[in-house]
Amino acid sequence: MPTVRENILANIETTLEGITIANGYNNTILSVQRWDKRGNALRQVPCIVVNAGQEEKQMSPNPYFTCRLSVYLDLWIRQDEADAQATDTVLSGILGDIEKALMVNNTRGGYAIDTNIKSNVPFETVEGQPHAGLTIELEILYQHTQSDPSIA
């Protein structure tokens, strides 16, 4: 049985996969991937790579842990020379879609207490570099039983 943490991460991935023009968003995300230490394919962009970050656990009233999980979303784009839009404009539009999608269900399918969008930071880029992007930091608040991390 997957842990509550894994169910939350899977929900984030599924939620981001739903960002399409056909679903009422302004952009279509072509690839959503979980972080892979062997590398992630960035051929289809816009691409979002979902990374689990630091997690803090606090003993709550028995029998629960209250957890604060940082999740980082690396948004990758590649912009053609013929595209007249400013890169910031492209990134802002996709960021708006990501925020909208994540807040449709801030409980991550009932596995979390809350989802907070904490920050976004542009990638450091060099002029002429093919990729650009943002790292978006989320904080997910959730609980699981002390005896079994798969039980919320």
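The points below comment on a predicted model of a single structure.

1. Overall layout. The protein chain holds two helices and five strands. Read from the N terminus, these elements follow the order α-β-β-β-α-β-β. The C-alpha trace spans about 60 × 30 × 25 Å along its principal axes. Of the 152 residues in the protein chain, 39% are buried.

2. Aromatic pair. How many aromatic pairs does a search of the whole structure find? The search returns one. The partners are Trp76 and Phe123, in an edge-to-face arrangement with 4.6 Å from centre to centre and 65° between the planes. The angle is over 60 degrees, and therefore the pair counts as edge-to-face rather than tilted. The pair links distant parts of the chain, with its two residues 47 apart. Trp76 belongs to strand 3 (residues 64-78), while Phe123 sits in the loop between strand 4 (114-122) and strand 5 (131-145).

3. Are Trp76 and Phe123 in one accessibility class or in two? Trp76 has a relative accessible area of 22% and is partly exposed. Phe123 has 17% and is buried.

4. Charge over a ring. Lys100 lies over the face of Tyr25, at 4.9 Å from the ring centre.

5. Largest pocket. The volume of the largest pocket is about 390 Å³. Its lining comprises 19 residues, and those closest to the pocket centre are Gln79, Thr87, Gln129, His131 and Ala132. Which elements each supply at least two residues of the lining? They are strand 3, helix 2 (87-104) and strand 5. By class, the lining has seven nonpolar residues, seven polar residues and five charged residues. Strand 3, one of the contributing elements, is also the strand in which Trp76 is found.

6. Cysteines. The search of the whole structure for disulfides finds zero. Two cysteines may be noted here. Cys47 is buried, with a relative accessible area of 0%. Cys67 is likewise buried, and its relative accessible area is 0%.

7. Cis peptide bond. The bond itself is cis, with omega near 5°.

8. Positive phi. Arg108 is not a glycine, yet its phi is positive, at about 50°. The residue is found in the loop between helix 2 and strand 4. Is Arg108 buried or exposed? Arg108 is buried, with a relative accessible area of 1%. That value is under 20%, which is why the residue counts as buried.

9. Helix 2. Met103 is found in helix 2 and is partly exposed, at 38% relative accessible area. The C-alpha atoms of Met103 and Trp35 are separated by 22 Å, the two residues being 68 apart along the chain. Glu99 also lies in helix 2, and it is partly exposed with a relative accessible area of 30%. Between Glu99 and Gly39, 60 residues apart along the chain, the C-alpha atoms are separated by 26 Å.

10. Strand 1. Arg34 is found in strand 1. With 25% relative accessibility, Arg34 counts as partly exposed. Arg34 and Ile12 are 22 residues apart in sequence, and their C-alpha atoms are 9.9 Å apart in space.

Note on methods: Residues numbered from 1 in each chain as written. Predicted model: local features only at pLDDT ≥ 70, side-chain atom pairs only at ≥ 80, totals over all residues. Heavy atoms only, no water. Phe/Tyr/Trp six-rings, centres within 6.5 Å; stacked < 30°, edge-to-face > 60°. Helix = DSSP H or I, 4+ residues; strand = E, 2+ residues; numbered from the N terminus. Buried < 20%, exposed > 50% of the residue type's maximum accessible area, 1.4 Å probe, protein only. Lys NZ or Arg CZ within 6 Å of the ring centre and 35° of its normal. 1 Å grid on protein atoms, 1.4 Å probe; cavity = no way out; pocket = protein on both sides within 12 Å on 5 of 7 lines; lining within 4 Å. Points joined across faces, edges and corners; volume = space filled by probe spheres on them. Nonpolar A, V, L, I, M, F, W, Y, C, P; charged D, E, K, R; others polar. Disulfide = S-S within 2.5 Å.
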